[in-house]
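Here is a short briefing on one protein structure. Look over the sequence and the model first, then read the points below.

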Amino acid sequence: MDRTQWLAEIYRQSGLDQILATNGQRYFEKQRFSKLKFVRTDFRVRSIEIWEPKDGTTVFRIHHSDQAPAWLAEEMRKWPQLRTTAKFGATFDGDPLEPATALARLLASKL
């Protein structure tokens, strides 16, 4: 299901709209995920995504570049809803607004 409108709402409600400019949104039907892309900044956060695995759950992902500051990945690993980490981001369970808001606060503290 296309969740790009939900991502846009998370973007606004979390405060990310005050820090990161969007660079488009897209729904990938075959892979079952929606993506809201960001314009390149020094933070190197590339996108936020909502994935819908076949088991009916909803998973939120923050994707960043391999050139993102080390503190970004370090901080995301501490957030309570963390499901998994990867070289280029982290995946979270639960309400997507919580990690999105944590990301907005973290980035705002580094401005």
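Contact here means heavy atoms within 4.5 Å. By that rule, I62 touches V45, S47, I48, M76, W79, F88, G89, A90, F92, P99 and L103, not counting residues up to four places away in sequence. This is a predicted model: local features need pLDDT of at least 70, side-chain atom pairs count only at pLDDT 80 or more, and totals for chains, interfaces and linings use all residues. Residues are numbered from 1 along each chain as its sequence is written, and side-chain values use heavy atoms, with hydrogens and water left out.

**The nonpolar core**

- A nonpolar core is a set of buried Ala, Val, Leu, Ile, Met, Phe, Trp, Tyr and Cys residues joined through side-chain atoms within 4.5 Å.
- Buried means under 20% relative accessible area, exposed means over 50%, and partly exposed lies in between (1.4 Å probe, protein chains only).
- The largest such core has 25 residues, and L16, V45, I62 and L107 touch the most other members.
- At least two residues of this core come from each of α1, β2 (33-38), β3 (45-51), β4 (59-64), α2 (70-76), β6 (89-92) and α3.
- Helix α3 gives the most, with five residues.
- Helices (H or I, at least four residues) and strands (E, at least two) are DSSP runs, numbered from the N terminus.

- H63 is found in strand β4.
- H63 counts as buried because its relative accessibility is 17%.
- Leaving aside neighbours within four places in sequence, H63 is in contact with V45, R46, S47, E49, F88 and G89.
- V59 also has its place in strand β4.
- At 5% relative accessibility, V59 counts as buried.
- V59 touches E49, I50, W51, P53, R83, T91, F92 and D93, not counting residues up to four places away in sequence.
- V59 and T22 are 37 residues apart along the chain, and their C-alpha atoms are separated by 20 Å.

**Where α1 meets α3**

- The axes of α1 (residues 4-14) and α3 (residues 97-109) come within 9 Å and cross at roughly 45°.
- Axes are lines fitted to C-alpha atoms, for helices over the stretch in contact, and angles run from 0 to 180 degrees between N-to-C directions.
- The two helices are therefore oblique to each other.
- Angles under 35 degrees count as roughly parallel, over 145 as roughly antiparallel, 65 to 115 as roughly perpendicular and the rest as oblique.
- I10, Q13 and S14 in α1 meet L97, A100, T101 and A104 in α3.
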